[in-house]
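Hello,

Here is the structure I promised to hand over. Please open it next to this email; my notes follow below.

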Amino acid sequence: MPLGFTLAALDLVFPAFCSICEGTLGAGRRDPLCGRCWGAITRLGPPGCYACGLSSPTRAPFDRSPAAKHRWVGAVGPSEVGLCGACTVDRPAYDYARSAAVYEGALREALHAFKFSGKRALARPLGDLALEQCGASLLEGIEAVIAVPLARERERERGFNQAALLAQRIAKRLGVPTRPRWLARVRATRPQSDLPAAERRVNVRGAFRASRAVAGRHVLVVDDVLTTGATLGECARALRDGGARCVGVLTVARVLHAAV
């Protein structure tokens, strides 16, 4: 029986409702998000900076043509070509960062429902969003996907690590493994959301340690939101200390007004 027919039949008996607006899913649905909420997400365009991935809001997907992909995919090196002014002066610890959409409105609500209301099924559409928007500009040769580790106490309270669920979805679609043991949080930190930007780097300094298994590898670090880049930068430093050859970052959302 075709999947579309099956979903329609099930919806007649057990109406499906959106995890954000609680309306029926309907046309354009990306379960468990309805088509209206999915369409309301403000996507980000192709990265304007090779390193931090700074982008402009857009409703259009990335240009997936070979010519467009060639601009970003290639050998990883210290070239300054394609860097924004900030990254030219102070380059991030990671080689490249990419984010799918702006942290606002429907996406912000979806991420809050995912993290704080236990709606784990949102990992599927949110992980897909990250790859649909950013897949064209990820560097080739990714060997493993690594989630940003959550503090043990926080993971016990929440019941899961949202970054790990996203990483599993993204890794499956990329056809590479997740490696949860390759990066560990070695000390507890205050929630970054409680701190001003100036204190975030200090808060996470030395909070992560990488396994030597990362030596010589190209790894992709996954998290839900990139705000200042402090946590992801510290993860990248730990992976570099472990010998990683290339460290990429992929997040579902990005806070545009924050400095990376």
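Is Cys49 buried or exposed? Cys49 is buried, because its relative accessible area is 0%. Keep in mind that the model is predicted.

Cysteines next. Which cysteine sulfur is closest to the sulfur of Cys49? That sulfur belongs to Cys84, at 3.6 Å. A disulfide needs the two sulfur atoms within 2.5 Å, so the Cys49 and Cys84 sulfurs are too far apart for a bond. Searching the whole structure gives zero disulfides. Cys134 is buried as well, with a relative accessibility of 0%.

Now the strands. Please look at β7, residues 218–226. Nine of its nine residues are buried, so the rest of the structure largely encloses strand β7.

β7 pairs with two strands that I want to point out:

- Strand β4 covers residues 144–147 and runs parallel to β7, with four bridges joining them. Ile146 is found opposite Val221 of β7.
- Strand β8 covers residues 246–254 and is also parallel to β7, over eight bridges. Here Val221 faces Val249 of β8.

How does the chain get from β7 to β8, and what is the hand of the crossover? The path goes through helix α10, residues 230–241. This β-α-β crossover is right-handed.

Best regards

Definitions and conventions: Residues are numbered from 1 along each chain as its sequence is written. This is a predicted model: local features need pLDDT of at least 70, side-chain atom pairs count only at pLDDT 80 or more; totals for chains, interfaces and linings use all residues. Side-chain values use heavy atoms; hydrogens and water are left out. Buried means under 20% relative accessible area, exposed over 50%, partly exposed in between (1.4 Å probe, protein chains only). Two strands pair if DSSP finds at least two bridges between them. A crossover is right-handed if, with the strands pointing away from the viewer, the path from the first strand over the helix to the second runs clockwise.
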